[in-house]
Amino acid sequence: MKYGELTELRAKAIPAASGTVLEVGIGSGLNLPFYSVPGVARLIGVDPSADLLSMARKKIDGVGFPVTLVEQPADRIPLDDQSVDTAVVTWSLCSIQNPVAALGEMRRVLKPGGRLIFIEHGLSPDVRVQSWQNRLTPLWRRLAGGCHLNRKTDDLIRSAGFSIASLEKRYIPGPRPMTYTYSGIATRA
Ligand SMILES: C[S@@+](CC[C@H](N)C(=O)[O-])C[C@H]1O[C@@H](n2cnc3c(N)ncnc32)[C@H](O)[C@@H]1O
């Protein structure tokens, strides 16, 4: 998840986060260098993986804002209703067991008018690629930490009660079943 095009997508999307920010599936903290200072007042990062969070912990010194890391899945976010200005999720909705429940939690904690920044890979519009995505997903899930290749990110986001304000959908370099990418901003409808 580190290189090239992925870094460019992070660099384009993440600086739009501001105020109190929740990052769901923060993992090893690869988005941390792209948050804007002084735009971000505070960041809360949620992830169930203790190993990835310990990698993220090594990166938080000197980011320029307080960071709290919480070891927990996103279906129970330990924050009050309407307490967050921006939610961020990148390459994680594919792995979260119940993505609509997690998105519902993001919506619950966002303030009215709050924004969800997302970058995810998901279902291709091309029938032949879709058929590979559907065939590969059962094996891929076992090999790649529960990752699904065939989730339609924009539909998931809408079904959790968000309105999509901007959306870019395209292949990035790499094997087509793994690289159809949805990136954009949604608002709490
Ligand atoms: C492919 S990694 C992406 C990490 C990071 N967001 C990035 O952009 O590099 C997927 C992440 O989703 C996390 N994850 C899996 N299930 C989750 C859940 N139920 N709630 C929150 N995060 C979850 C994993 O621990 C992992 O950190």
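Tutor: Helices and strands are DSSP runs numbered from the N terminus, where a helix is a run of H or I with at least four residues and a strand is a run of E with at least two. Residues are numbered from 1 along each chain, as its sequence is written. Please keep in mind that this is a predicted model, in which local features need a pLDDT of at least 70 and side-chain atom pairs count only at pLDDT 80 or more, while totals for chains, interfaces and linings use all residues.

Student: Which residues are joined by a cis peptide bond?
Tutor: The cis bond joins Val37 and Pro38, with an omega of about 10°, and Pro38 lies in the loop between β1 (19-24) and β2 (40-47).

Student: Where is Gln82, and is it buried or exposed, or in between?
Tutor: Burial is judged by counting other C-beta atoms, placed from the backbone, within 10 Å of a residue's own: 20 or more make it buried, 12 or fewer exposed, and anything in between partly exposed. Gln82 sits in the loop between β3 (67-71) and β4 (84-90), and because it has 13 such atoms within 10 Å, it is partly exposed. Gln82 is not a glycine, and yet its phi is positive, about 50°. Trp91, also not a glycine, has a positive phi of about 50° as well; this residue is in the loop between β4 and α3 (99-109), and it counts as buried because it has 20 C-beta neighbours inside 10 Å.

Student: Which residues is Asp85 in contact with, leaving aside its neighbours within four places in sequence?
Tutor: Two residues are in contact if their C-beta atoms, placed from the backbone, lie within 7 Å. Asp85, a residue of strand β4, has contacts of this kind with Ser18, Gly19, Thr20, Val21, Lys111 and Gly114, once neighbours within four places in sequence are left aside. Although Asp85 and Val21 are 64 residues apart in sequence, their C-alpha atoms are 6.0 Å apart in space. Asp85 is partly exposed, because 19 other C-beta atoms lie within 10 Å.

Student: And what about Val89, is it buried or exposed?
Tutor: Val89, which also lies in strand β4, is buried, because 26 other C-beta atoms lie within 10 Å. With neighbours within four places in sequence left aside, its contacts are Val24, Gly25 and Phe118. Leu116 is 27 residues away from Val89 in sequence, with 7.6 Å between the two C-alpha atoms.

Student: Which residues of the largest nonpolar core touch the most other members?
Tutor: A nonpolar core is a set of buried Ala, Val, Leu, Ile, Met, Phe, Trp, Tyr and Cys residues joined through C-beta atoms within 7 Å. Here the largest core has 43 residues, and Leu22, Val24, Ala87, Met106 and Phe118 touch the most other members. Strand β5 (residues 110-121) gives the most to this core, with five residues. Val24 is in contact with Val46, Ala74, Ala87, Val89, Ser92, Ala102 and Met106, again leaving aside neighbours within four places in sequence.

Student: How many residues surround the ligand?
Tutor: A residue is near a molecule if its C-beta atom, placed from the backbone, lies within 6 Å of it. In this model 21 residues surround the ligand, and the closest are Gly25, Gly27, Pro73, Ala74 and Thr90.

Student: Where does the kink in α4 lie?
Tutor: The bend at a residue is the angle between axes fitted to the seven residues ending there and the seven starting there. In α4 a kink of about 50° lies at Thr137, shortly before the proline Pro138. The expected span of a helix is 1.5 Å times one less than its number of residues, so the 17 residues of α4 (residues 127-143) should span 24 Å, which agrees with the 24 Å between its end C-alpha atoms. After α4 comes Gly145, whose phi is positive, near 60°.

Student: Where is Tyr182 found?
Tutor: Tyr182 is in strand β7 (residues 180-188), and it counts as buried because it has 23 C-beta neighbours inside 10 Å. Its C-alpha atom is 7.4 Å from that of Asp154, 28 residues apart along the chain.
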